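Hi,

Here is the structure I promised to pass on. Have a look at it first, and my notes follow below.

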Amino acid sequence: MNAPHPRKASPEIDAEAVRTYRVEEQIGYLIRRAHQRASAIFETVMRDFSVTPVQFAVMTKLHDLGATSQNQVGRLVGVDPATMFGVARRLTTRGLVRPTADEADARLVLLTLTAEGIAVIEAMKSRGAEVTARTLEPLSPEEAATLVRLLARLG
């Protein structure tokens, strides 16, 4: 028989904070709504490619860096290893990425864009600025620059 767990003291409830709390004013809510807007615009602008935003980020890094270990690409774009494994598998299945063993360390899987992958990412990069511009459209250029700079600091 298990002994009962001791009860934790209830945190103090701030009645004023409860009364004045508005989810619409919270940073997580606002970032989620902005992300929904950016994702919808990405889907509209990039629909011809059938590439997700995470796949796009991975392919962009591979285009920028050349052959890079799967783990390193995941770290660079902020994707956990399990998700990165699935992304790499899907991109490989589509013929956009080629995995190879690193000659210096066979434990590492290097990812390289295929010729088709290069063609796709270059076409997508050529439309990338449109996604950003449309996402930030409600803001003045100064506000947009400030928002981007501040969000970069949170990342």
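Of the 155 residues in the protein chain, 25% count as buried. Keep in mind that this is a predicted model. A compact globule of 155 residues would have a radius of gyration near 15 Å, whereas this chain comes out at 21 Å. Along its principal axes, the C-alpha trace spans about 60 × 60 × 25 Å. The accessible surface of the chain is about 11,100 Å², and carbon and sulfur atoms make up 58% of that.

As for the fold, you'll find seven helices and three strands. Reading from the N terminus, the order is α-α-α-β-α-α-β-β-α-α. Among contacts with a separation of 6 or more, 55% are between residues 24 or more positions apart.

Now the strands. β3 pairs with both of the others: with β1 (residues 68-69) it is antiparallel over two bridges, and with β2 (residues 97-101) it is antiparallel too, joined by five bridges. If you want places to start looking, Thr68 stands opposite Leu111 of β3, and Ala101 has Val109 of β3 as its bridge partner.

Next, the inside. The largest nonpolar core has 24 residues, and the ones touching the most other members are Met46, Val51, Met59 and Met124. At least two residues of this core come from each of α2 (27-46), α3 (53-65), α5 (81-93), β3 (109-113) and α6 (115-135).

Leaving aside residues up to four places away in sequence, Met59 touches Val51, Leu91, Leu96, Leu113, Gly117, Val120 and Ile121.

The buried residues in α3 are Gln55, Phe56, Val58, Met59, Thr60 and Leu62. Just after the helix, Gly66 takes a positive phi of about 80 degrees.

One last thing: is Thr60 buried or exposed? Thr60, which is found in helix α3, has a relative accessible area of 16%, so it counts as buried, the cut-off being under 20%. Again leaving aside residues up to four places away in sequence, Thr60 touches Ile121 and Lys125.

Happy browsing!

Key
Residues are numbered from 1 along each chain as its sequence is written. This is a predicted model: local features need pLDDT of at least 70, side-chain atom pairs count only at pLDDT 80 or more; totals for chains, interfaces and linings use all residues. Side-chain values use heavy atoms; hydrogens and water are left out. A nonpolar core is a set of buried Ala, Val, Leu, Ile, Met, Phe, Trp, Tyr and Cys residues joined through side-chain atoms within 4.5 Å. Buried means under 20% relative accessible area, exposed over 50%, partly exposed in between (1.4 Å probe, protein chains only). Helices (H or I, at least four residues) and strands (E, at least two) are DSSP runs, numbered from the N terminus. Contact means heavy atoms within 4.5 Å. Two strands pair if DSSP finds at least two bridges between them. The radius of gyration is taken over C-alpha atoms; the globule rule is 2.2 Å times the number of residues to the power 0.38. Accessible areas come from the Shrake-Rupley method with a 1.4 Å probe; for residues, only the protein chains shown count as cover.
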